[in-house]
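Please read it alongside the sequence and the coordinates displayed here.

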Amino acid sequence: LKHLNAVELTGHADERGSDAYNFDLSRERLETVSQLLREGGYTGDLKLIPKGKTEPYMGVDRSAYRGEALYQLDRRVELRLGR
């Protein structure tokens with residue numbers, strides 16, 4: 001990761017709560033991950049994109065999950081690597 005010039009992080013939240021609340025939660029998640037990357041020595045550009053609850057996690061069959069398990073999938077930070 002240290003050799004990359006740019007990293008894009010998107011923050012996500014589950015469907016519970018208002019749009020504004022979830023946007024803030026996703027931004028807080030981004031800031032935490034950003035801080036961890038910096039403390040780990042990453043010096044490149046970080047693009048932080050809070051998404052709130054607008055993009056639920058679709059990498060699984062969502063019908064196979066219920067309640068808290070599904071919410072946990074939605075609460076995440078995704079990292080995209082640049083060059």
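1. The buried residues of helix 2 pack against strand 1 (6-12) and strand 3 (76-81). Contact here means heavy atoms within 4.5 Å. Helices (H or I, at least four residues) and strands (E, at least two) are DSSP runs, numbered from the N terminus.

2. On the basis of the model: it is predicted, local features need pLDDT of at least 70, side-chain atom pairs count only at pLDDT 80 or more, and totals for chains, interfaces and linings use all residues. Residues are numbered from 1 along each chain as its sequence is written, and side-chain values use heavy atoms, with hydrogens and water left out.

3. The residues buried in helix 2 are Leu70, Tyr71 and Asp74. They line one face of the helix, because their directions fall within an arc of 100 degrees when seen down its axis; the arc is that of the directions from the helix axis to the C-beta atoms. In general, an α-helix has 3.6 residues a turn, so residues three or four places apart point the same way. Buried denotes under 20% relative accessible area, exposed over 50%, and partly exposed in between (1.4 Å probe, protein chains only).

4. Arginine 66 belongs to the loop between strand 2 (45-50) and helix 2 (67-74). Its relative accessibility is 64%, and arginine 66 therefore counts as exposed. A polar atom of the arginine 66 side chain lies 3.3 Å from the backbone oxygen of serine 63.

5. The sheet is open and consists of 3 strands in the order 2-1-3, with mixed pairing. Strand 2 and strand 3 are the edge strands, each pairing on one side only. From one strand to the next, the twist averages 20 degrees. Two strands pair if DSSP finds at least two bridges between them; strand 1 and strand 3 run antiparallel and are joined by 6 bridges. Leucine 9 stands opposite leucine 79 in strand 3.

6. Helix 1 (residues 19-39) lies across strand 1, strand 2 and strand 3, and runs at about 160 degrees to strand 2. Axes are lines fitted to C-alpha atoms, for helices over the stretch in contact, and angles run from 0 to 180 degrees between N-to-C directions.

7. As to the chain overall, the protein chain has 2 helices and 3 strands, which follow one another from the N terminus as β-α-β-α-β. Of its 83 residues, 27% are buried. Among contacts with a separation of 6 or more, 71% involve residues 24 or more positions apart.

Technical notes:
A polar contact is a pair of N or O atoms within 3.5 Å; within protein, one must be able to donate a hydrogen and the other to accept it, and residues adjacent in sequence count only if both atoms are side-chain atoms.
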